[in-house]
Amino acid sequence: MAEMKILTKFIDDPRSNELEFYESVHGYDGMKKALSIAPEEIIEIVKKSGLRGRGGAGFPTGLKWSFIPKDIPKPKYLICNADEGEPGTFKDRKLIENLPHQIIEGMVIGAKAIGANKGFFYIRGEFNKGIDSMQKAIDEAYAKGYLGKNILGSGFDFDLVLYAGAGAYICGEETALINSLEGRRGHPRLKPPFPAVSGLYRCPTVVNNVETFSTVPHILDKGADWYSKIGTEKSPGTRLFSVSGHVKRPGVYEIELGTPLLELVNDLCGGMLDDVPLKAVIPGGSSVPILTAEECKTANMDFESMAAHKTMLGSGAVIVIGEGTDLVETTYRFARFYAHESCGQCTPCREGTHWVRDLLHKIKEGEGTSADLDLILSLARNMEGGTTICPLSDACVGAVRPTILKFKHEFEARLKDKAGKEEEPIPAQTGV
């Protein structure tokens, strides 16, 4: 099996982050086409391509752009979400460091489509190399006339500002990101109103992910029909996956959507490290439900297959877990992360994530009881399904409950009132 490189075709070239090199491989051709056509036509091309957001939710990109109201006096804003903070995820960082002009080109196209004259590149504060690479590219783009006033004589203006956040995971949620840009605490906002109507400075705003913007220039350059024929009918195109864990060749891989999960693990990543048996895979970052080795046999890397397996592609982080891994310890570490990153705005998340963390620590240390395990599952039911403003509480549940239910024998073996005893199994929960 080989990768299908569209976004990452030139990512390993030492000059890939330079404007001159990017132009030599047809860089900014998609933008030039977009500048010559009407905004509505750009949106229709992106809609027809079937491109879905690469940040986690998989919402259709063209449809999202079409929600921006037309003919209103307020300014419109475009934001690139480069606050990559999901445990196990590092694909966007590679694009930022190695192909910054591809992102800028995608943002100019998006700005023309929605009528935005100002954009922000919101990057995670720890990405020092990425910050330098992106700022250099922005400066080059201004010098060449790809940013600023009257871009390439088209009459379209677009200014782009780089903004480094403070490293809060919650700012990966678009409304928390917007609050941060406004100088406020990174707290998610109640929706509605949605950002398309009332976003940055209470003006119409579109927020898309780094990989999403990186894909747009290729669609404009080669056409919607070309892109829609890659991947599956409902999940067209390629996607980047950051693979870590017990594989021989971890890294960032670009594959056609619909590729079997085990082909990614066994072929591209070289199989399991030290040839240990596969135990489980977390297919989309720490917040999505885990897949057992048996489930992995029928799982494909597309939105529909993952939904059928009651999990998600999420942030594109594939965490491969080999036999011998302590899943009690792993689950506790994820819970500790979510407890630490909760903004504290909503009670189910503020209290629930800390309770889950503390109960898992108790079980991990061999001091927990069956009542503690049941309490975690009870807490999970009260933490999910719209009880909070943003999905962080649901993310904690996704990282914890499915693992407990699918590998409950490992958790029960640590309970001091169940060790070596035959007892009633944990009742099955719905909505794993």
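Phe-67 is partly exposed, at a relative accessible area of 43%. Here buried means under 20% relative accessible area, exposed over 50%, and partly exposed in between, with a 1.4 Å probe and protein chains only. The model is predicted: local features need pLDDT of at least 70, side-chain atom pairs count only at pLDDT 80 or more, and totals for chains, interfaces and linings use all residues. Residues are numbered from 1 along each chain as its sequence is written, and side-chain values use heavy atoms, with hydrogens and water left out.

Phe-67 has an aromatic partner in Phe-59. A search of the whole structure finds 11 aromatic pairs. The ring centres of Phe-59 and Phe-67 are 6.1 Å apart and the planes stand at 45°, so this pair is tilted. Rings of Phe, Tyr and Trp (its six-membered ring) pair if their centres lie within 6.5 Å; planes under 30 degrees apart count as stacked, over 60 as edge-to-face and the rest as tilted. Phe-59 is partly exposed, with 38% relative accessibility. In the pair of Tyr-122 and Tyr-163, the centres are 5.5 Å apart and the planes are at 25°, so the rings are stacked. Tyr-122 belongs to strand β2 (residues 118-123) and Tyr-163 to strand β3 (residues 159-164), so the pair ties together parts 41 residues apart in sequence. Tyr-122 is buried, at 0% relative accessibility. Tyr-163 is partly exposed, at 30%. One aromatic cluster consists of Tyr-22, Tyr-28 and Tyr-146.

The protein as a whole contains 18 helices and 9 strands. Its radius of gyration is 22 Å, close to the 22 Å that the globule rule gives for 432 residues, so the protein is as compact as a globular protein of that length. The radius is taken over C-alpha atoms, and the rule is 2.2 Å times the number of residues to the power 0.38. Helices (H or I, at least four residues) and strands (E, at least two) are DSSP runs, numbered from the N terminus. The C-alpha trace spans about 75 × 45 × 35 Å along its principal axes. Of the 432 residues, 57% count as buried. Among contacts with a separation of 6 or more, 70% come from residues 24 or more positions apart. A contact means heavy atoms within 4.5 Å.

The accessible surface comes to about 17500 Å², and 52% of that area belongs to carbon and sulfur atoms. Accessible areas come from the Shrake-Rupley method with a 1.4 Å probe; for residues, only the protein chains shown count as cover. The protein has 51 positive and 58 negative charges, and their mean positions are 3 Å apart. Lys and Arg count as positive and Asp and Glu as negative, while His and the chain ends are not counted. Each charge is placed at NZ of Lys, CZ of Arg, CG of Asp or CD of Glu.

Helix α8 (174-181) has 8 of its 8 residues buried, so it is largely enclosed by the rest of the structure. The buried residues of α8 include Glu-174, Asn-179 and Leu-181. Their cover includes α4 (61-66), β1 (77-82), β2, β3 and β4. After α8 comes Gly-183, with a positive phi near 90°. Helix α5 (residues 91-98) is mostly covered, with 6 of its 8 residues buried. Among them are Lys-91, Asp-92 and Glu-97.

Lys-364 lies in another helix, α15 (residues 347-364). This lysine is buried, at a relative accessible area of 15%. Beyond its neighbours within four places in sequence, Lys-364 contacts Val-328, Glu-329, Tyr-332 and Arg-414.

Backbone geometry was also examined. Most residues other than glycine have a negative phi, and most peptide bonds are trans. Lys-191 and Pro-192 are joined by a cis peptide bond, with omega about 0°. A cis bond also joins Pro-192 and Pro-193, again with omega about 0°. Pro-192 sits in the loop between α8 and β4 (205-209). Pro-193 lies in the loop between α8 and β4, and Tyr-201 is in the loop between α8 and β4 as well. Tyr-201 has a positive phi, near 55°, and is partly exposed at 41%. Asp-274 has a positive phi of about 60° although it is not a glycine. Its place is in the loop between α11 (261-268) and β7 (278-282). Asp-274 is exposed, with a relative accessible area of 65%.
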